[in-house]
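I opened this notebook to keep track of what I looked up in one structure.

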Amino acid sequence: MAGRFAPRPGRATVRGGEVAVPTGPAARIPRQAAPGRARRWAPDGPLDLGLTLGPLRRGPADPTFRAAPDGSVWRACRTPAGPGTLRVRAYGGEVLGEAWGPGAAWLLDRLPELLGAADEPAAFEPRHRVVALARHRRPGLRLTRTGLVLESLIPSVLEQKVTAVEAYAAWRMLVRKFGEPAPGPAPGRMYVMPAPRTWALIPSWEWHRAGVDDKRASTILRAVRVAARMEEAAGMEPEAAQARLEVVPGIGPWTSAEVVQRSHGASDAVTVGDLHLPGIVGWALAGDRNADDAEMLRLLEPYAGQRHRAARLILLSGRVPPRRAPRMPVGDIGRL
């Protein structure tokens, strides 16, 4: 009965990485996969594709991510081996991954980590009723690990100091205009993000048309010029990776945490410096909507080592303070 009354996706649960993935037909994975490389994998516990891969989606119209009506999730990625498209389907206790393009083998090799094989959800012990209830309602939550840094870094920079709507629109416009069509039988209008050199050659007026100010554009340009060094961070511990990213001017603790949460599956990387998260955590755990970063970290201290997971579960609980002011206005510098 508890599942029937689970809260519907809202602004907090969407930010917590909740993506609605339709339930596929109650059938076993077919023995013959579509042309391309394929791999089967059986997780050692519950797995919810929408919750696990949801943080990788940058808005409902992200051209690199698609949740299909048949219950499959599609990703278009730029891997070290080249562009690749990955399709993931789950039936019962088995997962089928199919991949196309030069990066197909790379994507399939890392399929288990992408689906949370390196995560340890059993190590998490809820200390608050809100967190315990959110975990009970979403047993399939696992922390993904993509092993790719730039694909999380660039959209995270675009999300600095602007509304999500503006950032998603900029990402969508730039990827569709300067990326390349996803290889294989991907759904329509799916694209692989541009290569580092292509990002570096985007003219200033195209950044402007996409609504990206000079500060964010310059940060991205500095990062892609040292793209190889950025991608090396995928093999480091999360704390060392954050330090490597923050060497680039314009990348601070907020951005680096958002990156390693996805690239490393960092269970303890807390997003500090966020406009809304401290108030949401403070409201859910202590009824304090005015909590700052210091208070948020104090409240999350019982979850040391798992603070990112705790923050995600709080977001997924849907408990947010009531609004006291209108939404932040959406600007459009492309019209200036």
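**Entry 1: the chain**

I noted at the start that this is a predicted model. I counted helices and strands, and the chain has 16 helices and 7 strands. I then looked up burial: of the 336 residues, 49% count as buried. For contacts, I took those with a separation of 6 or more, and residues 24 or more positions apart account for 69% of them.

**Entry 2: helices α6 and α10**

How do the axes of α6 and α10 cross? I found that helix α6 (residues 150-158) and helix α10 (residues 214-225) have axes that come within 9 Å and cross at roughly 165°. Angles over 145 degrees count as roughly antiparallel, and α6 and α10 are therefore roughly antiparallel to each other. The crossing of α6 with α10 is right-handed.

I listed the residues where they meet. From α6 there are Leu153, Ile154, Val157 and Leu158, and from α10 there are Arg216, Thr219, Ile220, Ala223 and Val224. I sorted the residues of this contact by kind and got 7 nonpolar, 1 polar and 1 charged.

**Entry 3: helix α14**

Is helix α14 largely enclosed or exposed? I found that 8 of the 10 residues of α14 (residues 277-286) are buried, so this helix is largely enclosed by the rest of the structure. The buried residues are Leu277, Pro278, Gly279, Ile280, Val281, Gly282, Ala284 and Leu285. I also checked what comes just after α14, and there Gly287 takes a positive phi of about 70°.

**Entry 4: Asp119**

I looked up Asp119 next and found it in the loop between α4 (111-114) and α5 (129-137). Its relative accessible area is 12%, so Asp119 is buried; the cut-off for buried is under 20%.

Which residues does Asp119 touch? Not counting residues up to four places away in sequence, I found Arg142, Leu143 and Arg309. With Arg309, the side chain of Asp119 makes a polar contact to the side chain, at 2.5 Å. With Leu143, the side chain of Asp119 reaches the backbone nitrogen, at 3.0 Å.

**Entry 5: Ala117**

I stayed in the loop between α4 and α5, where Ala117 also has its place. Ala117 counts as partly exposed, at 38% relative accessibility. Leaving aside neighbours within four places in sequence, I found Ala117 in contact with Trp41, Pro112 and Arg142. I noted one distance as well: the C-alpha atoms of Ala117 and Arg145 are separated by 8.7 Å, and these residues are 28 residues apart along the chain.

**Entry 6: Arg66**

With a relative accessible area of 25%, Arg66 is partly exposed.

I listed the contacts of Arg66, leaving aside neighbours within four places in sequence: Ser72, Val73, Trp74, Pro187, Gly188, Arg189 and Met190. I then looked at Gly188 in detail. Arg66 and Gly188 are 122 residues apart along the chain, and their C-alpha atoms are separated by 9.8 Å. A polar atom of the side chain of Arg66 lies 3.1 Å from the backbone oxygen of Gly188.

Notes
Residues are numbered from 1 along each chain as its sequence is written. This is a predicted model: local features need pLDDT of at least 70, side-chain atom pairs count only at pLDDT 80 or more; totals for chains, interfaces and linings use all residues. Side-chain values use heavy atoms; hydrogens and water are left out. Helices (H or I, at least four residues) and strands (E, at least two) are DSSP runs, numbered from the N terminus. Buried means under 20% relative accessible area, exposed over 50%, partly exposed in between (1.4 Å probe, protein chains only). A polar contact is a pair of N or O atoms within 3.5 Å; within protein, one must be able to donate a hydrogen and the other to accept it, and residues adjacent in sequence count only if both atoms are side-chain atoms. Contact means heavy atoms within 4.5 Å. Axes are lines fitted to C-alpha atoms, for helices over the stretch in contact, and angles run from 0 to 180 degrees between N-to-C directions. Angles under 35 degrees count as roughly parallel, over 145 as roughly antiparallel, 65 to 115 as roughly perpendicular and the rest as oblique. A crossing is left-handed if the near helix is turned anticlockwise from the far one by less than a right angle, and right-handed if clockwise. Ala, Val, Leu, Ile, Met, Phe, Trp, Tyr, Cys and Pro count as nonpolar, Asp, Glu, Lys and Arg as charged, and the others, Gly among them, as polar.
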